[in-house]
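Subject: Handover of a structure and notes on its features

Dear colleague,

Please find the structure below. My notes on what was found in it follow, and I would ask you to read them alongside the coordinates.

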Amino acid sequence: WWETAGARTQTLSVNYADFRKLITTTDYIEIVFTLNTGGGAPADVYFDNAQVLGGTGALRGYEAEVMADNPVLYLRLEENNQIGGAGYAALADSSGNGYWAGCRADTEFRANEGISGSCRYLRGTSSNNAIAAAKVNPNYSNAIGDQYAFVDGDITFEFWFKTDANDMNYGIFFQQILADQTKAPGVGINTEEDTFRVLNGAGGWWYPYDGPNPVAVPLDGQWHHVVVTYQESYGTANQMAIQLYLDGEFRSSTVVGDETTPARLGPEMTHICIGGLNNYGYTYNNYKGFIDEFAIYAGILSGDRVKAHYGAGLCAVSRGDITGDCRVDMADFAELAATWMLCNDPALFGSDPACGPTW
């Protein structure tokens with residue numbers, strides 16, 4: 001603008017998609033405008049009505065957020081199947097891959113107590129304290145090999161847990177190794193301090209620290225969200241990077257492996273075991289508490305997707321969110337009112353096809 005020109009307005013749009021992967025924080029973005037003055041440019045420029053556009057602006061339901069990231073295994077633990085003659089009850093893999101999954105006798109079905117539905121409670125009292133999954137129905141042999149890995153290369157594990165137990169004897173959330181505990185993957189509890197420990201693939205366990213303090217396992221009887229990533233493609237061929245997220249927030253990371261002790265995932269056992277260490281039929285170092293929404297992803301789940309999953313999970317456990325849009329508003333009350341008088345007589349439930357339960 002020259003000196004005698006009138007005031008002008010202009011809309012400036014910046015597409016930062018090419019730089020999105022460089023943004024690592026999930027808390028805020030700082031956008032800096034540098035203005036050149038002099039040479040006829042105005043000394044004062046006014047900015048108004050800044051908008052960040054993209055996406056839907058609202059979280060989807062928990063299942064939809066998980067499926068948006070294409071899990072290779074997704075155990076929602078919604079089934080109330082009875083333990084069969086083989087010693088397990090079948091569970092569904094909701095990823096679309098249809099991998100085999102089952103639970104043992106000491107895992108109790110808990111209706112409507114999970115993140116977005118039902119879940120399982122692991123009693124932690126015997127060798128039957130386990131949920132297992134495999135690419136194919138395992139023959140319970142001692143077979144191990146890279147062909148049993150759910151993902152070849154970088155991999156992410158995700159689950160929700162709730163417990164107030166403090167007697168888990170180094171409880172294990174999950175693992176996919178045999179007796180050689182130097183081989184990742186797996187996550188457990190260091191019971192002496194109730195802190196996390198993660199199998200690191202390079203000589204044993206990694207004990208995550210957030211600053212000067214080890215990352216504590218919350219034992220408060222509330223649901224908590226855990227994501228662990230293994231990046232085999234990091235650095236040299238002998239290195240691997242590991243990250244831990246707790247309740248949607250990045251908490252700790254490490255890089256392991258060198259020429260002397262190369263970091264490797266596997267070779268894995270034929271199945272992944274949830275609820276303890278397992279050597280085919282004998283589960284020990286049992287986890288005691290609730291478990292739900294166990295998922296595995298190919299590649300590294302980004303920090304913003306971890307936060308989205310956690311946020312959707314919090315919405316799901318808010319029982320007032322009937323419509324599943326992550327808000328409790330008039331739409332939820334309308335949905336509730338529409339079915340309020342639908343069969344309020346338990347005596348008719350099961351005999352009248354038009355009668356649905358409201359209790």
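I begin with helix 2, whose 15 residues should span 21 Å at 1.5 Å a residue, and this agrees with the 21 Å between its end C-alpha atoms. The expected span is 1.5 Å times one less than the number of residues. Helices (H or I, at least four residues) and strands (E, at least two) are DSSP runs, numbered from the N terminus.

As to provenance, this is a predicted model, in which local features need pLDDT of at least 70 and side-chain atom pairs count only at pLDDT 80 or more, while totals for chains, interfaces and linings use all residues. Residues are numbered from 1 along each chain as its sequence is written, and side-chain values use heavy atoms, with hydrogens and water left out.

Overall composition

The protein contains three helices and 20 strands. Of its 359 residues, 42% are buried, where buried means under 20% relative accessible area, exposed means over 50%, and partly exposed lies in between (1.4 Å probe, protein chains only). The accessible surface comes to about 19,200 Å², and carbon and sulfur atoms account for 51% of that area; the areas come from the Shrake-Rupley method with a 1.4 Å probe, and for residues only the protein chains shown count as cover. Of the contacts between residues at least 6 apart in sequence, 60% join residues at least 24 apart, a contact being heavy atoms within 4.5 Å.

Which residues of helix 2 are buried? They are G303, R305, V306, A308, H309, Y310, G311, A312, G313 and C315. The cover over these buried residues includes helix 1, strand 7, strand 14 (224-231), strand 15 (240-246) and strand 20 (289-298).

Aromatic pairs

The structure holds 17 aromatic pairs. Rings of Phe, Tyr and Trp (its six-membered ring) pair if their centres lie within 6.5 Å; planes under 30 degrees apart count as stacked, over 60 as edge-to-face and the rest as tilted. Y62 and W160 form an edge-to-face pair, because their ring centres are 6.0 Å apart and their planes stand at 80 degrees. This pair links distant parts of the chain, with Y62 in helix 1 (residues 62-67) and W160 in strand 7 (residues 155-162), 98 residues apart. Y62 counts as buried at 3% relative accessibility, and W160 is buried at 0%.

W160 also pairs with Y310: the ring centres are 5.8 Å apart and the planes are at 15 degrees, so this pair is stacked.

Elsewhere, ring pairs link F157, F159, F161, F173, F174, F196, Y230, Y287 and F294 into a cluster.

Charges over rings

A charge sits over a ring if NZ of Lys or CZ of Arg is within 6 Å of the ring centre and within 35 degrees of the ring normal. K162 lies over the face of F290, at 4.5 Å from the ring centre. R197 is placed over the face of W205, with a distance of 4.1 Å to the ring centre.

How many disulfides does a search of the whole structure find? The search finds zero, a disulfide being a pair of cysteine sulfur atoms within 2.5 Å. C103 is buried, with a relative accessible area of 0%, and C273 counts as buried at 1%.

Q175, in strand 8 (residues 172-175), is buried at 1% relative accessibility. Not counting residues up to four places away in sequence, Q175 touches P185, G186, L199, M269, I272, C273, G276, L277 and N278.

G114 belongs to the loop between strand 4 (107-110) and strand 5 (119-122) and is buried, at 0% relative accessible area. The C-alpha atoms of G114 and D292 are separated by 6.3 Å, although the two residues are 178 apart along the chain.

Backbone geometry

Most residues other than glycine have a negative phi, and most peptide bonds are trans. The peptide bond from G266 to P267 is cis, with omega near 10 degrees; P267 is in the loop between strand 16 (249-256) and strand 17 (271-274). N70 has a positive phi, near 55 degrees. N70 lies in the loop between helix 1 and strand 1 (71-75) and is exposed, with a relative accessible area of 60%. N285 likewise has a positive phi, of about 50 degrees, and is found in the loop between strand 19 (283-284) and strand 20.

With kind regards
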